Amino acid sequence: MPDRPSAPPRAWQRMLSGRRLDLLDPSPLDVEIRDVAHGLARVARWNGQTVGDHAFSVAQHSLLVEEIAGLLEPALDRRGRLAVLLHDAPEYVIGDMISPFKAVMGGDYKAVEKRLQAAIHLAVGLPATLPGPLTTLTKKADRIAAYFEAVELAGFEAAEARRYFGLPKGFGRQTADGPRLDLTPWPTVEAERRFHDRVLELKG
């Protein structure tokens, strides 16, 4: 007997809300903010290699980046802040790949991430693709956050963090070793609640 054709591999993720999100062709209708908040609060930055009793979650990182973006651009409106807050939102499905591994993975990873980001944006009323200046602002705020996370949580020496992320100016408490934000990782339930509530607040 000829072999039966094998079924295509499953490409959807079942969420706690009951939604099934297709990773290859994600629909905004299958994006629930409660799922996003739940997932991001359980994804660890720096592959979990951070100090403290709790992981430093992508949810907490996202709130930090939004706060920094608002300081960099005080005129940033609610929709702009929401876009910044959701800059890592696809990671609720695909996890937080560290930058060196993303470089190894190449284009396929980026294509999946881009489709997920577009679906998330549309689900909250943002354009699928953001304007260039907002993307630039987000990247700048993200690098500033990464510097503080690196030196305060992930064991980087200040000089090493400056080499990779640049030295933030005008932020935090000044010390002999450079600026500090005194970051403390939140418990998972707190990170989930704060992220979820902030998204709803910015959506209005």
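## Burial terms and model basis

Buried means under 20% relative accessible area, exposed means over 50%, and partly exposed lies in between (1.4 Å probe, protein chains only). At 41% relative accessibility, Leu200 therefore counts as partly exposed. Leu200 sits in helix α9.

This is a predicted model, in which local features need pLDDT of at least 70 and side-chain atom pairs count only at pLDDT 80 or more, while totals for chains, interfaces and linings use all residues. Residues are numbered from 1 along each chain as its sequence is written, and side-chain values use heavy atoms, with hydrogens and water left out.

## Nonpolar core

A nonpolar core is a set of buried Ala, Val, Leu, Ile, Met, Phe, Trp, Tyr and Cys residues joined through side-chain atoms within 4.5 Å. The largest one has 58 residues. Leu86, Tyr92 and Phe195 touch the most other members. At least two residues of this core come from each of α1 (33–40), α2, α3, α4 (91–94), α6 (107–123), α7 (132–152), α8 (158–165) and α9 (188–203). Helix α7 gives the most, with 10 residues. Helices here are DSSP runs (H or I, at least four residues), strands likewise (E, at least two), numbered from the N terminus. In soluble globular proteins, nonpolar side chains tend to be buried together.

Contact means heavy atoms within 4.5 Å. Leaving aside neighbours within four places in sequence, Tyr92 contacts Met15, Leu21, Asp30, Val31, Asp35, Val36, Gly39, Leu40 and Ile120.

## Helix α2 against α3

Helix α2 (residues 58–72) packs on helix α3 (residues 78–85) at about 140°, with the axes 8 Å apart. Axes are lines fitted to C-alpha atoms, for helices over the stretch in contact, and angles run from 0 to 180 degrees between N-to-C directions. Angles under 35 degrees count as roughly parallel, over 145 as roughly antiparallel, 65 to 115 as roughly perpendicular and the rest as oblique. The α2 and α3 pair is therefore oblique.

On the α2 side, the contact uses Ser62, Leu63, Val65, Glu66, Ala69 and Gly70. Arg81, Val84 and Leu85 of α3 complete it. By class, this contact of α2 with α3 holds five nonpolar, two polar and two charged residues. Ala, Val, Leu, Ile, Met, Phe, Trp, Tyr, Cys and Pro count as nonpolar, Asp, Glu, Lys and Arg as charged, and the others, Gly among them, as polar.

## Helix α2 against α7

The axes of α2 and α7 cross at roughly 120° and come within 8 Å. This pair, α2 and α7, is therefore oblique as well. From α2, His61, Leu64, Val65, Ile68, Ala69 and Leu72 take part. They meet Leu137, Thr138, Lys140, Ala141, Asp142, Ile144, Ala145 and Glu149 in α7. The contact of α2 with α7 has nine nonpolar, two polar and three charged residues.

## Single residues

Ala119 belongs to helix α6. Its 3% relative accessibility makes Ala119 buried. Not counting residues up to four places away in sequence, Ala119 touches Pro26, Ser27, Pro28 and Val31. Ala119 and Gln174 are 55 residues apart in sequence and 40 Å apart in space, C-alpha to C-alpha. Leu200 and Val124 are 76 residues apart in sequence and 9.4 Å apart in space, again C-alpha to C-alpha.

Most residues other than glycine have a negative phi. Asn47, not a glycine, has a positive phi of about 55°. Asn47 lies in the loop between α1 and α2 and is partly exposed at 49%. Asp182, also not a glycine, has a positive phi of about 60°. Asp182 is in the loop between β4 (178–180) and α9, and is partly exposed at 45% relative accessibility.
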